[in-house]
Amino acid sequence: MLIILLGPPGAGKGTQAERLVKKFNLAYIATGDILRAAVKSGSPLGQEARIYMEKGQLVPDEVVVGIVSERLTASDCRDGAILDGFPRTVAQAQALDEVLREMGRQIDRVVYIAVDEEELITRLTGRRVCRECAATYHIKFNAPRVRNVCDQCGGELYQREDDSLSTVQERLVVYREQTTPLIDYYGRSDLVTEIDGNGDIEQIFSEISSVFEVESP
Ligand code: AP5
């Protein structure tokens, strides 16, 4: 089972993926997490990615396509994976189609999580992330039990550099211009299921889980 989580920054892709990988025992490929780990390590990839990420722009297609193509060959992806944050441009989607064709695999479903823009800004500017395990919280909507401490591993919570208001606004522009065409791209193959992502986290999880259950072998 290969499922893409598509949606604007702050739609809840990471929040839902965290729950879905546990429930359905799938591999998790989040390009944002992979790129942030590269930035943290100071590798040449990280140094290049940082320039784009801190401005809220997309890292070049060939860089992320290379990362995902390699990741998909790992043994944990054999039985299925959730793709979060990839593809993000039509060129990335076309490259993914090509890679999957060569592997004899295909996308089973694209879950598009739709959320109002005002809500996205509130979510992103109030988000906190664990430095150790990358678990995601929100200061109001999904607060940790102890302020700035991860419930899961005790790690310190921090605010992502790209969650400042000005960078969030730029990310939303980039999303509208470069990523929304994917809704049509996958819609043409009837692969898209739209979920209203404005409600309660557990309610949305239950709706997305139903989509996964239909696709499960
Ligand atoms: P990435 O890390 O992928 O960021 P994103 O897509 O902008 O998505 P986010 O992680 O911001 O949001 P999310 O939908 O996961 O929301 P979350 O669950 O955290 O990418 C970062 C950067 O990396 C990009 O800008 C780009 O530079 C680069 N990059 C990554 N992939 C790339 C690619 N393919 N090509 C090129 N460049 C790439 O939730 C947000 C907040 O809301 C949290 O605080 C959460 O607790 C809260 N929340 C979640 N659900 C709800 C709810 N239902 N109600 C209330 N609060 C909620």
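Good morning. Arginine 160 and aspartate 162 form a salt bridge, with their closest N and O atoms 3.0 Å apart; the term salt bridge denotes a side-chain nitrogen of Lys or Arg within 4 Å of a carboxyl oxygen of Asp or Glu. The model is a predicted one, in which local features need pLDDT of at least 70 and side-chain atom pairs count only at pLDDT 80 or more, while totals for chains, interfaces and linings use all residues. Residues are numbered from 1 along each chain as its sequence is written, and side-chain values use heavy atoms, with hydrogens and water left out.

Let me stay with that pair. Arginine 160 is buried, because its relative accessible area is 12%; buried means under 20%, exposed means over 50%, and partly exposed lies in between, with a 1.4 Å probe and protein chains only. Aspartate 162 is likewise classed as buried, since its relative accessibility is 11%. A further salt bridge links aspartate 163 to arginine 171, with the closest N and O atoms 2.9 Å apart. Both of these residues, aspartate 163 and arginine 171, are buried. Through shared partners, salt bridges join Arg127, Arg160, Asp162, Asp163 and Arg171 into one network.

How many salt bridges are there by this rule? The count comes to 16. Another of these pairs is aspartate 151 with arginine 145, at 3.9 Å from N to O. Here aspartate 151 is partly exposed, because its relative accessibility is 29%. Arginine 145 has a relative accessible area of 69% and is therefore exposed.

I turn now to positions along the chain in relation to aspartate 162. Glutamate 54 is in the loop between helix H3, residues 44–53, and helix H4, residues 61–72; helices are DSSP runs of H or I with at least four residues, strands are runs of E with at least two, and both are numbered from the N terminus. Although glutamate 54 and aspartate 162 are 108 residues apart along the chain, their C-alpha atoms are separated by 5.7 Å. Setting aside residues up to four places away in sequence, glutamate 54 touches Glu161 and Thr167, where contact means heavy atoms within 4.5 Å. With a relative accessible area of 42%, glutamate 54 is partly exposed.

Is leucine 100 buried or exposed? Leucine 100 counts as buried, because its relative accessibility is 2%. Not counting residues up to four places away in sequence, leucine 100 touches Leu2, Leu72, Arg105, Gln106 and Ile107.

Two further buried positions deserve mention. Threonine 15 sits in helix H1, residues 13–24, and is buried at 14% relative accessibility. Leaving out residues up to four places away in sequence, threonine 15 touches Thr136 and Ile201. Alanine 135 is in the loop between strand S5, residues 127–130, and strand S6, residues 136–138, and is buried with a relative accessible area of 3%. Beyond its neighbours within four places in sequence, alanine 135 is in contact with several residues, among them Glu18, Cys130 and Cys150.

Next, the backbone. Most residues other than glycine have a negative phi, and most peptide bonds are trans. Phenylalanine 86 and proline 87 are joined by a cis peptide bond, with omega of about -5°. Proline 87 is in the loop between strand S3, residues 81–84, and H5. Asparagine 25, although not a glycine, has a positive phi of about 55°. This asparagine 25 is in the loop between H1 and strand S2, residues 27–30, and is exposed at 71% relative accessibility. Asparagine 148 is not a glycine either, and has a positive phi of about 65°. The loop between S6 and strand S7, residues 157–158, holds asparagine 148, which is partly exposed at 33% relative accessibility.

Finally, the surface. Glutamate 194 lies in strand S8, residues 192–196, and counts as exposed because its relative accessibility is 56%. Together with Asp116, Glu118, Asp196 and Glu207, Glu194 forms a negative surface patch. Such patches consist of residues with over 30% relative accessible area and no salt bridge, like charges being joined within 9 Å and nonpolar side chains (Val, Leu, Ile, Met, Phe, Trp, Tyr) within 5 Å. Accessible areas come from the Shrake-Rupley method with a 1.4 Å probe, and for residues only the protein chains shown count as cover. Asp and Glu count as negative and Lys and Arg as positive, with His and the chain ends not counted; each charge is placed at NZ of Lys, CZ of Arg, CG of Asp or CD of Glu. Thank you.
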